[in-house]
Amino acid sequence: MSHNTFGHLFRVTTWGESHGPALGAVVDGCPPGIRFAQEDLQAFMDKRKPGQSRFVTQRREDDIVKVLSGVMPQEDGTMITTGTPVSLFIENTDQRSKDYGDIAKRYRPGHADYTYDLKYGIRDYRGGGRSSARETAARVAAGALARLAMPDVTIRGALVQIGTHKINRDNWDWAQVDQNPFFCPDAAMVPVFEEYLDGIRKAGSSVGAVIEVVAEGVPAGIGAPVYGKLDQDIASGLMSINAVKGVEIGNGFEAAEITGEENADEMRIGADGKPVFLSNHAGGILGGISTGEPIVARFAIKPTSSILTEKRSIDADGNEVDVRTKGRHDPCVGIRAVPVGEAMLACIILDHILRDRGQNGRTR
Ligand SMILES: Cc1cc2nc3c(=O)[nH]c(=O)nc-3n(C[C@H](O)[C@H](O)[C@H](O)COP(=O)(O)O)c2cc1C
């Protein structure tokens, strides 16, 4: 299987399967001289790791990330990147392959079982192998490193919709995001999500979600048109996350519904003599190049395909079968996708900052 690498100058290759002994990432092109502690990476791993509430899978993984290469250890316990490949290693400790015996030959509707078999002729059915979102742990580790390389950029994510339940954007409070199990910025929505998801979970069902990710402090002028547009690469990075079925930049699909007058991001000269935008429908990107405004993207996650209800499918021998997926699953994978979306945004933006520096020879 090829295509396990993304990025140009900050180049991330992930490896590993759901039920193998470990998984990880190799980051080639990480700038030298970044001092960090293991805990700086671990904080982001802990946000994504399973088993943290009743609303996510009960698989127990500590997701401790080890840095195997690319750093000089310091006496105080920190590490400094050397510019050589940084290898990030995460052990799998709570694999239960027997949960998957039933689907060794059967294709779960909505999962990647059929297409992986079709394409490769062999499939690691234990937890979905490489198609499992365990792989996203490696992205989160790489994303944590990317954040450290651009300390002036703040990247945050929030869950804004579960099923048909949307947050009230007037209630948006970033401080709320880490106060509830949903990464939800609207405190009033938390009990609604709780009750709704409890019902979904008890029924062995699943539901989708929408996540918003925002990058602040990205300098104006980042992006490489015409085939390396910043929005294009962000969309690609977010779309590469498991179960993502839609991506929007800025006001996204709403832009198709409003007039040019409403959509225009007007400009003025601010008190400091610098240009200011009076709105940000563009989501911080025009012509594939950052404007200096916050970069805003949203992505839609489909309902977890692993559900307890029997669904019609076929098996590898061509028989028609009914499939019911046992095992431990997230009723709404959108929750744990929040830190994954942040990580992808971080990697893509850092890659573009380095590319801009490479072409223009200056730090913006
Ligand atoms: C954080 C996260 C956790 C996931 N966990 C599960 C899961 O437990 N069961 C499942 O069927 N799908 C899960 N998925 C989704 C599948 O990995 C994904 O649907 C599958 O690989 C097929 O790919 P596609 O949906 O992108 O086409 C998860 C996705 C994410 C982002």
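Two strands pair if DSSP finds at least two bridges between them. Strands (E, at least two residues) and helices (H or I, at least four) are DSSP runs, numbered from the N terminus. By these terms, strand 2 (residues 11-16) and strand 3 (residues 22-28) run antiparallel and are joined by six bridges. This is a predicted model, in which local features need pLDDT of at least 70 and side-chain atom pairs count only at pLDDT 80 or more, while totals for chains, interfaces and linings use all residues. Residues are numbered from 1 along each chain as its sequence is written, and side-chain values use heavy atoms, with hydrogens and water left out.

- Five strands make up an open sheet with antiparallel pairing, in the order 1-2-3-8-5.
- Strand 1 (5-6) and strand 5 (65-67) each have a single partner strand at the edges, so one side of each is left without a neighbour in the sheet.
- Helix 3 (residues 136-149) packs on the sheet and touches strand 2, strand 3, strand 5 and strand 8 (86-91), where contact means heavy atoms within 4.5 Å.

**Strand 9 and its partners**

- Seven of the nine residues of strand 9 (residues 154-162) are buried, that is, under 20% relative accessible area (1.4 Å probe, protein chains only).
- Eight bridges pair strand 9 with strand 11 (residues 209-216) in the antiparallel sense, and Glu 212 in strand 11 is the bridge partner of Ala 158.
- Strand 9 also pairs with strand 10 (residues 165-166), antiparallel and over two bridges; here Gln 161 stands opposite Lys 166.
- Strands 9 and 10 form a hairpin with two residues between them, and Gly 163 in the turn has a positive phi of about 55°.

Technical notes
Buried means under 20% relative accessible area, exposed over 50%, partly exposed in between (1.4 Å probe, protein chains only). Axes are lines fitted to C-alpha atoms, for helices over the stretch in contact, and angles run from 0 to 180 degrees between N-to-C directions.
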